[in-house]
Amino acid sequence: DGDRADQSCEGLDASKAAVDKIIDDEAAVVGGASRVLVAGFSQGGALALYTGLRRTEEPPLAGILCMSGYLPKAESWAVENSAKRMP
């Protein structure tokens, strides 16, 4: 039925930590996270959404692009305030 609510998402938080590090490294090069956009396709899109919407660091990202993806573990967390201010 396409419902992913029961997926275990094993390794998701470790992957988020790796992407957060990449974001922080790139932000240092380009002048801040507000100039960084995360994007992905399918599972990469799911990781982009999960990472971008759960970031608490300021400033918020420039944006998130998810192509043919989904929102993993959607029932178990809320969008962070920083992400709510994302353009």
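Ser 42 counts as partly exposed, at 29% relative accessibility. Here buried means under 20% relative accessible area, exposed over 50%, and partly exposed in between, with a 1.4 Å probe and protein chains only. This is a predicted model, in which local features need pLDDT of at least 70, side-chain atom pairs count only at pLDDT 80 or more, and totals for chains, interfaces and linings use all residues. Residues are numbered from 1 along each chain as its sequence is written, and side-chain values use heavy atoms, with hydrogens and water left out.

**Backbone**

Ser 42 sits in the loop between β1 (37-41) and α2. Helices (H or I, at least four residues) and strands (E, at least two) are DSSP runs, numbered from the N terminus. Most residues other than glycine have a negative phi, and most peptide bonds are trans. Two serines have a positive phi, as tabulated.

The peptide bond from Glu 58 to Pro 59 is cis, with omega near -5 degrees. Pro 59 belongs to the loop between α2 (43-54) and β2 (63-67).

Lys 73 is in the loop between β2 and α3. Its relative accessible area is 29%, so Lys 73 is partly exposed. The C-alpha atoms of Lys 73 and Ser 8 are separated by 8.3 Å, though the two residues are 65 apart along the chain. Contact means heavy atoms within 4.5 Å. Not counting residues up to four places away in sequence, Lys 73 touches Cys 9, Leu 12, Asp 13 and Tyr 50.

Rings of Phe, Tyr and Trp (its six-membered ring) pair if their centres lie within 6.5 Å; planes under 30 degrees apart count as stacked, over 60 as edge-to-face and the rest as tilted. The count by this rule is one aromatic pair. The rings of Tyr 50 and Trp 77 have centres 5.6 Å apart and planes at 90 degrees, so the pair is edge-to-face. Tyr 50 lies in helix α2 and Trp 77 in the loop between β2 and α3, so the pair ties together parts 27 residues apart in sequence. Both Tyr 50 and Trp 77 are buried.

**Nonpolar core**

A nonpolar core is a set of buried Ala, Val, Leu, Ile, Met, Phe, Trp, Tyr and Cys residues joined through side-chain atoms within 4.5 Å. The largest one has 17 residues. Leu 12, Ile 23, Val 36, Val 38, Leu 53 and Leu 61 touch the most other members. The elements giving two or more residues to this core are α1 (12-30) and α2. Helix α2 supplies the largest share, five residues. Beyond neighbours within four places in sequence, the contacts of Leu 61 include Ile 23, Val 36, Val 38, Met 86 and Pro 87.

**Largest pocket**

Lining the largest pocket are Gln 7, Cys 9, Glu 10, Gly 11, Leu 12, Ser 15, Gln 43, Ala 46, Leu 47, Tyr 70 and Pro 72. Both α1 and α2 give two or more residues to this lining. The largest share, three residues, comes from α2.

Note on methods. 1 Å grid on protein atoms, 1.4 Å probe; cavity = no way out; pocket = protein on both sides within 12 Å on 5 of 7 lines; lining within 4 Å.
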